[in-house]
Amino acid sequence: MSDTLFPDLAAEAADTGKDRARHGYLIRTDGAARGNPGPASSGAALFDLRRPDARDPRAVPDASISDFLGVQTNNVAEYTGVVRALELARELGAREVHMLLDSKLIVEQLAGRWRVKDAKLIPLWTAARRTLAGFDRWTAGHVPRAQNSVADALANEAIDRAQAGGPASVVRRPGD
């Protein structure tokens, strides 16, 4: 699905007066692997849909995840970011999520247009689809890598942090 399918979700939610009932997040995720497989990580940035700048690729996220995953493939890292972001959105009470991902593979597999052939990805795809089923509404759209710099930075930060002896995972929630 193209991100043009939901061009003004914040305005739509505000106009309907159903902000609380339709609470949700725009999610940007990314995975990184230095080598494939190699030291890997995932990053996720969640933006409250009620924000007028929720779709701005440079906006500061309301919540974020930066996870070091050990040695993994890039696709495992990408999918792990999606699964973790969806779980966090659910934990935060979201009723809908709209994902903007630079992984066309994940967008197409989640939409059911492409089969999941890699055995390592099947459990992650299953977890993502199961979590998505709990939302009232969801979309996944592909964006160019340049529009995913916040999630990319969170992913690369995790590898650097872990290699320097820091925590493997840093999760920031609204109000932190």
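This is a predicted model: local features need pLDDT of at least 70, side-chain atom pairs count only at pLDDT 80 or more; totals for chains, interfaces and linings use all residues.

Me: What is the mean pLDDT of the protein chain?
Reply: It's 91, and 88% of the residues reach 70 or more. pLDDT is the predictor's confidence in each residue, from 0 to 100. Residues 1–20 stay under 50, though the model still has 33 contacts for them beyond four places in sequence. A contact means heavy atoms within 4.5 Å.

Me: Back to α4. Why do we say that its buried residues line one face?
Reply: The buried ones are Leu-124, Ala-127, Ala-128, Thr-131 and Leu-132, in a helix that spans residues 122–132. Looking down the axis of α4, they fall within an arc of 130 degrees, so they line one face. The arc is taken from the directions that run from the helix axis to the C-beta atoms. As for the word "helix", it's a DSSP run of H or I with at least four residues, while a strand is a run of E with at least two, both numbered from the N terminus.

Me: What do those buried residues pack against?
Reply: Four elements: α2 (74–91), β4 (96–101), α3 (104–110) and β5 (137–142).

Me: Which residues of the largest nonpolar core touch the most other members?
Reply: Ile-27, Leu-46, Leu-86 and Met-99, out of 29 residues. At least two residues come from each of β1 (24–33), β2 (38–48), β3 (63–72), α2, β4, α3 and α4. The biggest giver is α2, with eight residues. There's also a second, separate core of 10 residues, including Leu-26 and Val-150. A nonpolar core is a set of buried Ala, Val, Leu, Ile, Met, Phe, Trp, Tyr and Cys residues joined through side-chain atoms within 4.5 Å.

Me: Why is Asp-67 called buried?
Reply: Asp-67 has a relative accessible area of 5%, and that's under the 20% limit, so it counts as buried. Asp-67 is in strand β3.

Me: What does the side chain of Asp-67 make a polar contact with?
Reply: The side chain of Ser-169, at 2.4 Å. A polar contact is a pair of N or O atoms within 3.5 Å; within protein, one must be able to donate a hydrogen and the other to accept it, and residues adjacent in sequence count only if both atoms are side-chain atoms. At 2.4 Å, the pair is within that limit.

Me: What makes the Arg-34 and Asp-160 side chains a salt bridge?
Reply: A salt bridge needs a side-chain nitrogen of Lys or Arg within 4 Å of a carboxyl oxygen of Asp or Glu. This pair has N to O at 2.9 Å, so it qualifies. Arg-34 lies in the loop between β1 and β2 and Asp-160 in helix α5, so the pair ties together parts 126 residues apart in sequence. Arg-34, at 37% relative accessibility, is partly exposed, and so is Asp-160, at 42%.

Me: How many salt bridges are there in the whole structure?
Reply: A search finds 14. One of them joins Glu-91 and Arg-173, at 2.6 Å from N to O. Glu-91 is in helix α2 and Arg-173 in the segment after β6 (169–172), so that pair links parts 82 residues apart in sequence. Asp-152 and Arg-145 form another, with their closest N and O atoms 3.4 Å apart. Salt bridges that share partners also join Arg-51, Asp-53 and Asp-62 into one network.

Methods
Residues are numbered from 1 along each chain as its sequence is written. Side-chain values use heavy atoms; hydrogens and water are left out. Buried means under 20% relative accessible area, exposed over 50%, partly exposed in between (1.4 Å probe, protein chains only).
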